[in-house]
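Work through the exercises below with the sequence and the model open side by side. Each task is followed by its solution.

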Amino acid sequence: MGGLMVGGDAAAVEVRDVVVRYGDTTAVGGVSLRLPRGRVLALLGHNGAGKTSLLQVCEGFRRPDGGQARVLGLDPVGDHDALMPRLGIMLQSGGVYPWATAGEILRLFASFAANPLDTDMLLDRLGLRKFERTRFRRLSGGEQQRLSLAVALVGRPELVFLDEPTAGMDTEARHTTWQLIEELRADGVSVLLTTHLLDEAERLADDVVIMRAGLVAATGTPAELTSAAGIDVLEVRADPGLDLTGLRAGRTVTETSAGEYAITGSLDTAGLAEVLAWFARVGADVTAVNTRRRTLEDVYLSLTTQTPVGAAQ
Ligand SMILES: Nc1ncnc2c1ncn2[C@@H]1O[C@H](COP(=O)(O)OP(=O)(O)OP(=O)(O)O)[C@@H](O)[C@H]1O
């Protein structure tokens, strides 16, 4: 495994040039990423970007068609048996034993662990106590998600894989889940999660990897991604349908809805003055001006809505 570290100093996850193919479809077209111990990494990307496929490689459920993955210094497929007790895995579909009750499922998984967490505490924390005797298939989607999270955590894992952990959860359950993930991190647990929620990534992740069409489109801390090039957003309300050609030099300008313009680019005081001068020059009637910091959502949208990169096919 040339170059990838092994043993106790190894990263929680290290992925190099991983490729996943399904027949003619390249789901992951050569992705590298590193999750150091005790940190949280969020994988972002549209449906079909390849997040779950990459996660399955790290979980040892799928052998990559190219490249290599090391998890806690081990081979996720070859060392599967040694790794499983050290990992917590929350699957997107949750599917465990549909006929068993929530309490039975959690206690079953606790029984596999050498030093499990207290199952009553987990049921309480995740608001599942009243469903302890409810069969899995009778739980709502959000309740099944919460149980799947409890199952992933009950064995005190060193590394947790969470595929869209809060999908289908109500606001309260989502906040509880965020708190739990923050507590895991404080305890030195490493977390690799996928999400479609930009606020979730911004709140939880030390590092973000934005995937697009099976490739890495951008990577960095949320702060790095949002402050790249010192960009803020200037929002201007003016007449709809203006010809923006003259405004576009060195700036990204979009009419986000009729008469609402968002401008990103070199927006120091001089830049701001230039933009407003342009609106005056074309005789536009400006009725509102607002500046704000770029959010992860702005970065995400600008990276994932461009023309396809085309490397994965
Ligand atoms: N078992 C499979 N057989 C064939 N194609 C598959 C299979 N699993 C995934 N794919 C395809 O591979 C691509 C990547 O899918 P993947 O599930 O990894 O994406 P994702 O980023 O996790 O998407 P989502 O956000 O919808 O969960 C998609 O085009 C998908 O249709």
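**Exercise 1.** Find which residue of strand 6 is the bridge partner of Met-90.

*Solution.* The partner of Met-90 in strand 6 is Leu-162. Strands here are DSSP runs of E with at least two residues, helices are runs of H or I with at least four, and both are numbered from the N terminus. The model is predicted, so local features need pLDDT of at least 70 and side-chain atom pairs count only at pLDDT 80 or more, while totals for chains, interfaces and linings use all residues. Residue numbers start from 1 along each chain as its sequence is written. Next, strand 6 spans residues 159-163, runs parallel to strand 5 and is joined to strand 5 by four bridges; two strands pair if DSSP finds at least two bridges between them.

**Exercise 2.** Give the strand order of the open sheet and its edge strands.

*Solution.* The order is 5-6-7-3-8-9, six strands with mixed pairing. Strand 5 (87-90) and strand 9 (215-220) are the edges, each pairing on one side only.

**Exercise 3.** Which residues surround the ligand, and what are their classes?

*Solution.* Start with the list: Tyr-22, Thr-25, Ala-27, Gly-45, Asn-47, Gly-48, Ala-49, Gly-50, Lys-51, Thr-52 and Ser-53, each with its C-beta atom, placed from the backbone, within 6 Å of the ligand. Then sort by class: three are nonpolar, seven polar and one charged, with Ala and Tyr counted as nonpolar, Lys as charged and Gly as polar. Finally, assign elements: helix 1 (51-59) and strand 2 (25-35) each supply at least two shell residues, and the largest share, three residues, comes from helix 1.
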